[in-house]
Amino acid sequence: MSLNDYRRALTAPGARAAVITSLLGRLPIAMIGMALLLYVQRESSSFAIAGAVSAAELIGVAVGSVAQGRIVDRTGPSKPLYVTSALFTVTVVATLTAIELGAATPLVVAGAFAMGLLQPNIGSASRALWGHLLPPGRVREAAFSYEAISLEVFFILGPGLAGLLVAMPWAGTGVVVGAVCMVLGSVGFASTRAARTQRPEPSEHAGALLGAIAAPGMRTVALAALGFGVVIGFIEVAVPAAAVEAGQPTMGGLLMSLASVSSVAVGVVYGVHPWPRPMYLRLPALLVGFAGLVALLALPTTLLGLALMLLLAGCLITPQSTAHSVAVEFAAPPGTAAEAFGWVVTSVTLGSAIGQSTSGQLVEMTGPPTAFLVAGAAGAAIAVLLYLRRNTLLPSKTSLTLAGT
């Protein structure tokens with residue numbers, strides 16, 4: 001790919017309105033979970049409870065992503081996004097009310113799960129739309145790379161905004177702002193001509209019980225996304241906890257944003273010159289490298305040192321997201337694009353939920369450094385499993401070009 005391929009993708013006929021509205025809808029993807037975690041921690045004074053609530057929201061996203069993706073593959077994105085946007089609004093209001101009234105933790109956890117379950121899956125819908133707007137080739141691959149890079153921009157803005165808004169007179173402000181952006185962006189995207197005229201592709205896998213995940217290569221991609229999510233989940237709790245221990249709680253979200261700064265910068269270069277070239281080696285190599293860098297976060301004893309190490313660790317975030325997106329293109333069965341990417345979202349969010357809940361317990365018991373070390377060990381173990389499954393992603397004659405891009 002080249003930088004010109006990015007320009008051609010974003011200026012393709014029908015792409016402009018979809019790109020703009022999806023930007024607004026995807027902005028809070030990293031913001032809502034972080035804002036909910038910080039809000040609940042502020043109200044309960046417990047990272048264990050906050051981690052459980054945030055994990056429940058992520059599990060809801062994990063469950064809803066595949067179901068919504070399968071529906072989008074069958075009907076197009078507009079109707080599902082309209083319906084989920086309305087239901088999501090109701091669940092956000094109900095969950096915030098429960099938190100404000102001091103409801104029991106299980107009730108708040110259930111509300112957070114419903115929020116995630118009904119969160120409009122605009123990420124899968126946006127990615128799947130490129131398959132209809134662009135023919136196979138470098139420009140489409142640039143569009144997929146753009147999706148991953150832009151998502152990391154939201155990981156820069158999201159946690160930082162969540163950290164700032166939790167300091168407002170009402171700590172739930174970040175959740176509300178994130179929800180409003182997501183609903184407006186999703187409804188706007190669903191109303192674009194490109195989304196309304198999208199027609200589903202006929203697929204023999206569309207009605208299958210397992211759908212896209214029945215493909216062995218797709219299961220390997222999902223495992224890679226799971227490992228990535230586990231490591232991310234650990235640091236999403238351990239970094240804010242380190243900020244709290246240092247007496248600067250509002251720095252938690254800003255510190256997380258630093259990882260995304262280097263992630264985006266490296267991601268643009270990596271999209272043009274990916275390494276390793278073969279996808280079956282790229283997935284385990286990127287994960288084990290990321291796990292090693294995250295383990296090193298246990299070394300700094302100051303927030304400044306932690307910030308510098310987060311900049312280094314962030315270098316391998318976007319390359320993994322880009323690799324997952326490209327791998328889906330040739331690992332998923334035809335006609336299952338939205339569902340397949342839904343499995344990636346599900347795997348990342350399920351992994352994040354596991355990482356957040358485990359990290360919350362470790363932080364409470366032994367402190368953030370232990371959480372960073374366990375995160376590195378978990379990521380390395382999953383990277384080994386990916387290497388053992390590398391044969392499922394060996395390029396065929398038809399996918400050789402995609403696997404090397």
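A salt bridge, as I count it here, is a side-chain nitrogen of Lys or Arg within 4 Å of a carboxyl oxygen of Asp or Glu. I'm working on a predicted model, where local features need pLDDT of at least 70, side-chain atom pairs count only at pLDDT 80 or more, and totals for chains, interfaces and linings use all residues. Residues are numbered from 1 along each chain as its sequence is written, and side-chain values use heavy atoms, with hydrogens and water left out.

**Entry 1: salt bridges**

I counted four salt bridges by that rule. I began with Arg 70, which pairs with Glu 339, their closest N and O atoms being 2.9 Å apart. That pair links distant parts of the chain: Arg 70 is in helix α4 (residues 47-75) and Glu 339 in helix α16 (residues 337-365), 269 residues apart. For helices I take DSSP runs of H or I with at least four residues, numbered from the N terminus (strands would be E, at least two). I looked up the cover on this pair too, and both Arg 70 and Glu 339 are buried. My classes are buried for under 20% relative accessible area, exposed for over 50%, and partly exposed in between (1.4 Å probe, protein chains only).

**Entry 2: around Asp 5**

Which residues does Asp 5 pair with? I found Arg 8, with a salt bridge of 3.8 Å from N to O, and also Arg 138, where the closest N and O atoms are 3.6 Å apart. The Arg 138 pair ties together parts that are 133 residues apart in sequence, because Asp 5 lies in helix α1 and Arg 138 in helix α8 (residues 138-165). Arg 8 and Asp 5 are three residues apart in helix α1 (residues 3-10), so about one helical turn separates them.

Is Asp 5 buried or exposed? I get a relative accessible area of 1% for Asp 5, so it is buried. Arg 8 comes out at 42% and is therefore partly exposed. I note Asp 5, Arg 8 and Arg 138 as one network, joined by salt bridges that share partners.

**Entry 3: helix α9 and its neighbours**

I fitted axes as lines to C-alpha atoms, for helices over the stretch in contact, with angles from 0 to 180 degrees between N-to-C directions. The axes of helix α3 (residues 29-44) and α9 come within 8 Å and cross at roughly 160°.

Next I checked helix α5 (residues 78-100), whose axis comes within 9 Å of the α9 axis and crosses at roughly 165°. α5 and α9 are therefore roughly antiparallel. I logged a left-handed crossing for α3 past α9, and the crossing of α5 and α9 is left-handed as well. Left-handed means the near helix is turned anticlockwise from the far one by less than a right angle; clockwise makes it right-handed.

**Entry 4: a nonpolar patch**

Which helix gives the most to the nonpolar patch? Helix α9 (residues 173-190) does, with three residues. The patch is on the surface and is formed by Leu 24, Trp 170, Val 176, Val 180 and Leu 184, with about 390 Å² of accessible area together. Areas come from the Shrake-Rupley method with a 1.4 Å probe, and for residues only the protein chains shown count as cover. Patch residues need over 30% relative accessible area and no salt bridge; nonpolar side chains (Val, Leu, Ile, Met, Phe, Trp, Tyr) are joined within 5 Å, like charges within 9 Å.

I picked out Val 180, which lies in helix α9. Val 180 has 43% relative accessibility, so I put it down as partly exposed.

**Entry 5: α4 with α6**

I went back to α4, which packs against helix α6 (residues 105-117) at an angle of about 30°, with their axes 6 Å apart. α4 and α6 are therefore roughly parallel, and α4 passes α6 in a right-handed crossing. In helix α6 I looked up Val 109, which is partly exposed with a relative accessible area of 24%. Val 109 and Thr 95 are 14 residues apart in sequence and 8.7 Å apart in space, C-alpha to C-alpha.

**Entry 6: two spot checks**

I found Arg 199 in the loop between α10 (193-196) and α11 (216-245). Arg 199 is exposed, at 56% relative accessible area. Pro 368 is in helix α17 (residues 368-388), and Pro 368 is buried at 3%.

How values were computed. Parallel < 35°, antiparallel > 145°, perpendicular 65-115°, else oblique.
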